[in-house]
Structure formats: C-alpha cells, structure tokens
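Biologist: Please show me the model, and then let us discuss what has been computed from it.

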Amino acid sequence: MSTTRGQGPIGELLDLELDAVIDLPGAGSWLKVPLGKLETERMVPIDADILTLLDRITTTRTPGRPIPHPRTGKPADFLFTDHGHRIGSNRLRHVLNQATQTAQIGHVTPHQLRHTYATALVNAGVSLQALMVILGHSSAEMSLRYGRLFDSTVRDEYERALDLAKQRIGALPATPAEDLDDGVDWRTTPTIKTALAGGYCLRAPAQGACSYANICENCTSFHTTRTYLPVLQAQRDDARTLADDAQSRGWDPETERHLRLINRLNTLMDHIA
C-alpha cells in the first residue's frame, strides 16, 4: 500500500470499494487503490491468493446501503463494513493485534507488514522501478506511471518476484476440500501435519509445528475410556504415517513430535485396556 500524504496503509485499505478488483484479459487482476484527496487512483497487480481472499471478504461482508464517503461525501460501497457501517482504523488495528498474538509473533503494525512485503520482493530481485509502482512511492515519474497503469513490465516483474518469494517462504497448504477433490491423501502432503479428532491441521513448512499441537493428549487433565479406544488407535496409526513421512523429508523435530505422541497414546491405551 502507498504512503500517500495524509493517508497511510490502513486508510488505503479501508477506502477500497467493492469494485476495487479489475480483471483484464491477458493482463491478470489488478487492485484499484484510491489516492486520498487527489481523487485519482493507482493500479496494483494482485495474484490468485489475494484475489481469493478479496472474493471471500466480498461474499462474507454484511450487506448494506452505500455509505457517504468521509472525504467526498459521495455514496460508496466500501469493501470493509460491518452491519452497514464502515470499519474504523482502530478496529482494524485491534484485529491485527489479535491475529499476531494468536500467531505468537509479537506486536505488528500495518506499516511493518508493508515493509516485510516490500523486503521479500526486493530480496527476490524485483526492480526498483516496479517496486515503486507497486508501493505507490512518489517520484518525478509519477505522471508517466499514471499514463501506463497496466504496464506489462510491472506485471511480469511482480509475478516473477512474488513466485520466487513464495518458494522461499513456503507455499500455503491446500484446503482439505481441495485435497479430497484431487484425491490427495493429506498425510502425504509436503506440509507440517497433525491428526485431530475431527479432522487434521496442515501448515506450511516455514510455519513450523503449531505450539498447541497435541497439547491435549499430553495434558495431565486429559482423560479417556475404552469407548474412545478406536479413536486413539486411528490417531496412533496416523501418527505413525506422519512420523514416517517427516523422516523421509528429513524433518527430525517433526519425526520426534509424532513419536512422542505415539508413546503417549500407547500409554493411554495400555491404561484403559
């Protein structure tokens, strides 16, 4: 997001409207970002992951009538609304804080996320010119940039750098529904995997194992009976498969985690047998 004077990353995000995404045949999807009091806009290329996220927000947001724009007073269908009201910056910061606490990565600001995003692209080799367009930095070439909003060079630079950045960070795991549709066994996917009583957890390798993985089975307050013996046996079988998979990938901490769970399940089953 841009740091246009008088409007930071949060301001640009909250100013996005329902028609912010523009699809161009042969040129991919672009995000139309308003530029504050200039009443102009810039176009930022987006990939399939971001497009999916925006589609999800569009379908889950609470519907309502157009809201007067805080700057222009004109009716606007904002993307981020709740019960007919435009979401404020404080609420967005609060939700971000909740997410970072859950992820156990400490306090993170929107500007830090923007900086991390830009750093990943730079480390992947994106050109300075393309980065300036993507981030909306002011420069002497601003007029030229607005004259070519859909510059194919920017799109090519963005996609090449983003693909490389994703390879370094680690691809996000497919959703369970996608796995089943493709006939893929979740236990063999190249992800950090954990079997749960009602499903399973998939995490990108770069994320590492969840700090809460198998916490219940190892808790002293966890109790079970012979009624749950088939469930425990199935979980142990999954854990053995996951341990073998982790060992074949050279993920020693993951292998040890699953082996510890197997030992714990064996102890529980011996106790109730």
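Modeller: This is a predicted model, in which local features need pLDDT of at least 70 and side-chain atom pairs count only at pLDDT 80 or more, while totals for chains, interfaces and linings use all residues. Residues are numbered from 1 along each chain as its sequence is written, and side-chain values use heavy atoms, leaving out hydrogens and water.

Biologist: How many cavities of 30 Å³ or more does the structure hold?

Modeller: A cavity is a set of points, on a 1 Å grid over the protein atoms alone, where a 1.4 Å probe fits but cannot get out. By that criterion, the number of cavities of 30 Å³ or more is one.

Biologist: What is the volume of the largest cavity?

Modeller: Grid points are joined across faces, edges and corners, and a volume is the space filled by probe spheres set on the points. For the largest cavity, this volume is about 40 Å³.

Biologist: How many disulfides does a search of the whole structure find?

Modeller: A disulfide is a pair of cysteine sulfur atoms within 2.5 Å. C210 is in no disulfide, as the nearest cysteine sulfur, that of C201, is 6.1 Å away. The sulfur of C219 is 7.1 Å from the closest cysteine sulfur, in C216, which is too far for a bond. The number of disulfides found in the whole structure is zero.

Biologist: What is the relative accessible area of C219?

Modeller: With a 1.4 Å probe and protein chains only, buried means under 20% relative accessible area, exposed over 50%, and partly exposed in between. C219 falls in the partly exposed class, with a relative accessible area of 32%.

Methods
On a 1 Å grid over the protein atoms alone, a cavity is a set of points where a 1.4 Å probe fits but cannot get out, and a pocket is an open set with protein on both sides within 12 Å along at least five of seven lines; lining residues have an atom within 4 Å of a point.
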